[in-house]
Amino acid sequence: MVKLKLAFPRELRLLTPGNFSFVFQQPQRAGSPQITILGRLNTLGHPRLGLTVAKKHVKRAHERNRIKRLTRESFRLHQHDLPSMDFVVIAKKGIGDLDNRSLTETLDKLWRRHRRQVAGS
């Protein structure tokens, strides 16, 4: 059995404004009322993740940190099933009201939707 690495190193992150704007130009969308995940195919052979959690929607820092932590964790666990895309996760109004389990379930559903979109195209 091949052991997959489930780390989240720098190579799996969108770090520069250019990385983010690349995704914003022609994204594939998967969304729920609280979260939108934009994705765009890259040529790197692995997925990357960028996060935006605005103070406007989530006032408290510890809440923003919780959302980012759970999103990174979800991405880390799904990274080997995801297509080679750059993803930007955008938190929307009401995301702070989700508990950890429903946030994780929502993210799982959106990752699956992105996989289906790529498989279908």
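What share of the contacts in the protein with a separation of 6 or more comes from residues 24 or more positions apart? In this predicted model, such residues account for 81% of those contacts. The chain is built from 3 helices and 4 strands, arranged along the sequence in the pattern α-β-β-β-α-β-α.

Overall dimensions come next. The radius of gyration is 14 Å, which agrees with the value near 14 Å that a compact globule of 121 residues would have. Along the principal axes, the C-alpha atoms occupy a box of roughly 40 × 35 × 30 Å. Of the 121 residues, 40% are buried, and the protein exposes about 7300 Å², with carbon and sulfur atoms supplying 53% of that area.

Turning to charge, the protein carries 25 positive and 9 negative charges, whose mean positions lie 6 Å apart. The count of salt bridges comes to 4. One of them joins the side chains of Asp86 and Arg48, at 2.9 Å from N to O. Asp86 belongs to strand β4 (residues 85-91) and Arg48 to strand β3 (residues 48-52), so this pair ties together parts that are 38 residues apart in sequence. Asp86 is buried, at 2% relative accessible area, and Arg48 is buried as well, at 14%.

Helix α2 (residues 61-78) holds Glu63 and Arg66, which sit 3 residues apart, about one helical turn. Their side chains meet in a salt bridge of 2.9 Å, N to O, and both residues are buried. Helix α2 also contains Arg76 and Glu73, again 3 residues apart; their closest N and O atoms are 3.1 Å apart in a salt bridge. Here Arg76 is partly exposed, at 22% relative accessibility, and Glu73 is partly exposed, at 35%.

Notes. Residues numbered from 1 in each chain as written. Predicted model: local features only at pLDDT ≥ 70, side-chain atom pairs only at ≥ 80, totals over all residues. Heavy atoms only, no water. Helix = DSSP H or I, 4+ residues; strand = E, 2+ residues; numbered from the N terminus. Rg over C-alpha atoms; globule rule 2.2 N^0.38 Å. Buried < 20%, exposed > 50% of the residue type's maximum accessible area, 1.4 Å probe, protein only. Contact = heavy atoms within 4.5 Å. Areas by Shrake-Rupley, 256 points an atom, 1.4 Å probe, with all protein chains shown as cover. Lys, Arg positive; Asp, Glu negative; His and termini not counted. Charge placed at Lys NZ, Arg CZ, Asp CG, Glu CD.
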